[in-house]
Amino acid sequence: MNTDIKLKYLRTGKLPHIWCPGCGHGIILGAIVKSFDKIGWEKDDIVVVSGIGCSGRTPGYIDANTLHTTHGRALAFATGIKMAKPNLHIVIIMGDGDASAIGGNHLIHAARRNIDLTAIVFNNKIYGMTGGQYSPTTPQKAKASTAPYGNIEPNFDLAKLVKGAGATYVARATAYHIALLEKCICNGFTHKGFSFIDVLTTCPTQYGRLNKMKSPEGNLLMIKDNTIPRSKAESMTDEEIGNRIIIGEFVNNDSSREYTELYTDEIIKKAMNKE
Amino acid sequence: MGNIKFLQGNEAIALGALKAGCDFFAGYPITPSSEVATTMSIELPKIHGKFIQMEDEIASLAACIGASFAGKKTMTATSGPGISLMTEGIGVAIMTEAPVVIINAQRGGPSTGQATKVGQGDVMQARWGSHGGYPIIAISPSTVEECYIYTIHAFNFAERYRIPVFVLSDEVVSHMKENIDFTSVSLPTIINRKRHNSNDEFLTYNTSDPRGVPPMVDFGERHLTRVSTTTHDKRGWATKNQNDINFLHRRLYNKIMSNREDIVMYETDIDVEAKTLVVGFGCSFRSSKQAIIEARKTGKKVSLFRPIILWPFPDKELKEILRGIKRIVVPEISWGQISEEIKKLVNDNIEIVKVNHVDGTMITPEEIIEKVL
């Protein structure tokens, strides 16, 4: 990474980070700070909000305004900040359990409101920090510390979930496909409305170890082998796609009105005229 | 001619909030607090304030805390079941030192209890609701005018001490209607949080004073603010350092408890010959006040103590008026929570007589008079 970017947007005093060797989270952190630089956002105007877990530590390494909150609630705190100061750029970092189990309610409602937040899910399909328990994105049959006989619960497709809830920018990238990851984060940042990026990442320590894939590069290659770009998948049958996960941009809709703008244009205007 | 308005308690709470400078409200519908939200949804946009109805009470308090760090004076309103969901956020507001006002129009419990009937069973929930241990501030109105005034006090405490402050109303006080004369009502000076306005280096929790309240910088202003719900050092960075943990914990405690004289509010009506003291708060203070009037008409000697601030409890102030008192009568619409607090303060020579309703109705003055010696 360009050293200047690193110094500008990283809280270097907090490094090295706490993530395990081979964890994909640092790759996503890198893509986030590079996207800040690419767009040219001032640090004063950025607020990074997170919940709890491995992903929740990310704001600790970013030199911007940061709010490290409770498990699952990051979007609710972020909604308050955005309502209070719509000019701020608000980035929400969540884990898969954080976003879609304990925080699932906040996720669908933030998407429904189409409030201008960018939510990035560090999706490693497991609760890493607490010891490898299964999450709503753990595939069926995969092992977890609380699914020793294999997971029987169907998993969420987070992109479909959030698209269905009304998000106006939805994409899926991975810690392997760096170019796509940076493109999606940049597009999410600049999109006016609720942006959601599901980022497939790796947890060799928990998910990998429990599922016979201990090596960091093996975990990353598994992502490479198990995914297929949307552009390719479009011309393929379901049988041809098989179990592969589709990556790319799914929704990029600029025609829906953003929540804080609507509040100003509809509610405040009407209330002022009434008086 | 005064500017007299006939208002409901919940409407008065909303107007008090606006008077205090509240410019952000997030909430979730619940009886008997809903009129606070309704009034805020009408009034806030008129002053460029923000109102949002969130997906639940957890999100409501979270949104308030977020907005508070973005510089807003924030409030939410709910009842016991909503407070149960908000206890997570109360801990967040304590730990991150977010000024926020929480209205609890108490109803009967436990659980969903009685939505439209009165209760006073959330006193200890306000004190101890979130895990980990911390001091809190709770203020208890018993008239519509007090709903207006004490909500302003609540904002002042929240801003001065960077703490969540409860207005512990109840179904009776929140739903009844009384006149407020806005020309004669005596209001406190509005207090706003201290802000770090200079270009000097800013650390989010920069105070070396073990009782200190650090100045704030709103998100988006000229210094970066770093907030963590995890135990943090002066920079706002999560810490495992024993000294940092100890300093933070003690400061969160001492910033309230060493200032309790500034916070505590109470009122008394003393008869120096009284052997009975009645202690009432909220809507039970109304019953208590009437009981004293009636009892004295029949020649009984009785005194009255009313904690207006329930937390920190005015224990020292109560102890000072116990000379000659043999019995303390405590009416509460619960199994008795303030009475338990009083038990901790007095010796065995004083009898504590609890007058309790758990049937969703107010306690009558007669039930209190019966217990007066």
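1. In this predicted model, the interface between the two chains draws 38 residues from chain B, which are in contact with 37 residues of chain A.

2. The extent of the interface may be stated as area. Chain B and chain A together bury about 3400 Å², and carbon and sulfur atoms account for 60% of that area.

3. Charged pairing is present across the boundary: 4 salt bridges are found between chain B and chain A. One pair that meets in a salt bridge is B:Glu221 with A:Lys85, through their side chains, at 2.5 Å from N to O.

4. Polar contacts across the interface of chain B and chain A link 19 residue pairs, both residues being at pLDDT 80 or more. On chain B, the side that touches chain A receives at least two residues from each of strand E3 (50-53), helix H3 (57-69), helix H4 (80-96) and strand E10 (226-228). The most is given by H3(B), with 7 residues. Sorted by class, this side of chain B comprises 18 nonpolar, 10 polar and 10 charged residues.

5. Strand E2 of chain A (residues 65-68) pairs with E10(B) in the parallel sense, over 3 bridges. Within this pairing, B:Val227 of E10(B) is the bridge partner of A:Leu67. E10(B) is also among the elements that supply at least two residues to the side of chain B touching chain A.

Key:
Residues numbered from 1 in each chain as written. Chains lettered and ligands numbered in written order. Predicted model: local features only at pLDDT ≥ 70, side-chain atom pairs only at ≥ 80, totals over all residues. Heavy atoms only, no water. Contact = heavy atoms within 4.5 Å. Buried area = accessible area lost by both parts, 1.4 Å probe. Polar contact = N/O pair within 3.5 Å; in protein donor to acceptor, adjacent residues only side chain to side chain. Helix = DSSP H or I, 4+ residues; strand = E, 2+ residues; numbered from the N terminus. Nonpolar A, V, L, I, M, F, W, Y, C, P; charged D, E, K, R; others polar. Pairing = 2+ DSSP bridges.
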